[in-house]
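Please look at the sequence and the structure as I bring them up.

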Amino acid sequence: MPSLASAQHESRTNSILAPHFAAGSPGLTTTVPRQYVHRAAVSEVLLTGWEAVPGVPAGHSDAFVVQAQWPRGHSLFSQAGGYQDPMLLIESVRQIGSLLSHAEFGVPFGHHFLMWNMSFATTEELLVAGTAPTEVELHTVCRDVVRRGKALGGMRYDVTVKVDGVALATAGAAFSCTSAAVHRRLRGDRPTSTDRVVGCPIDPARVGRTDVGHVVLTEASTRETTGGQEYAWELRVDTAHPIFFDHPVDHVPGMVLLEAARQAAHASTGLPDALVVALDSTFTRYAELDAPCRIGAVPGEPDASGDVPVRVSGTQQGRTVFCADVVLRRRGC
């Protein structure tokens, strides 16, 4: 069963009317309804509107322009050293999939989304923080759309990220979705919390964090591998965290696993201030709440431009739940 950047959300009918703003149109700005992006807190909604791209021939890929705003201050994805947190890009891309599924493809609220892949590659310019929130346009093309009867079963989407009309990053994701009834048959009555003791966190400074509550790795161990030195930690799962666990879910959310990949890349390279300029991740199983999950990282050699690749994986009960290739770049290089 695939694992998931997904979120269990409220069981409701798909009846909410959302703001649907044309790119560049005048008027007031607001966020899309939180239910569309599977967030309990309105403050965690990054998307502000969307429109279909006109002129796409029938039978071809659906295309949309989605607007987002990245705040100057965020309790988790905060600015550091004059740069925005790259996780804002990842979370924006994640939110696109659920927004379009509900608003454009008719997926009812209460369905469950299982993320299979998430990737991005960005320029350093996109992440430079300005004196105002960053307004971005996410030009999105949906493809490989799977339908089960009239219901959406899943799709892949590619994103080009633009600021002031200039393309500064690309991204992509793939997911499948199932009804609540199918999800119950697959998962049963899995708990949405755990009584496992949250492990002792590593030093926040090693992973580019200032708040120990945002650290998702325990104290590390290392071992030699055929590809070099591997660093390993146990994943810290705190189901009371107000953002990582914005609402109850029966597994470790994909955003937690991607944050673990980012932190593992920083800690294993000794580059806590480096920018994550690329990430390519694959999810293969649910990461369960009630069993230890091992996060391993193997840094590679810097390329000609100085970028450092890191291979990160998560295993649980001897089986891989996700893997991610992360690329770090020293700031200003």
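**Aromatic rings in the model**

Let me begin with a cluster: Tyr36, Trp50 and Phe109 are joined by ring pairs. Please keep in mind that this is a predicted model. In total, the structure contains 6 aromatic pairs.

One of these is the pair of Tyr36 and Trp50, whose geometry is edge-to-face, with 6.2 Å from centre to centre and 65° between the planes. Where in the chain do the two partners of this pair lie? Tyr36 belongs to the segment before β1 (47-52), while Trp50 is in strand β1. The two are 14 residues apart, and their pair links distant parts of the chain.

Are these residues buried or exposed? Tyr36 has a relative accessible area of 4% and is therefore buried, because buried means under 20%. Trp50 is likewise counted as buried, at 3% relative accessibility.

I turn now to Tyr157 and Phe175. Their ring centres are 6.2 Å apart and their planes meet at 65°, so this pair is edge-to-face; the angle required is over 60 degrees. Here, too, distant parts of the chain are linked: Tyr157 sits in strand β5 (residues 151-163) and Phe175 in strand β6 (residues 166-178), 18 residues apart. Both Tyr157 and Phe175 are buried.

Which residue lies over the face of Tyr286? The residue is Arg187, at 3.9 Å from the ring centre.

Thank you for your attention.

Note on methods:
Residues numbered from 1 in each chain as written. Predicted model: local features only at pLDDT ≥ 70, side-chain atom pairs only at ≥ 80, totals over all residues. Heavy atoms only, no water. Phe/Tyr/Trp six-rings, centres within 6.5 Å; stacked < 30°, edge-to-face > 60°. Helix = DSSP H or I, 4+ residues; strand = E, 2+ residues; numbered from the N terminus. Buried < 20%, exposed > 50% of the residue type's maximum accessible area, 1.4 Å probe, protein only. Lys NZ or Arg CZ within 6 Å of the ring centre and 35° of its normal.
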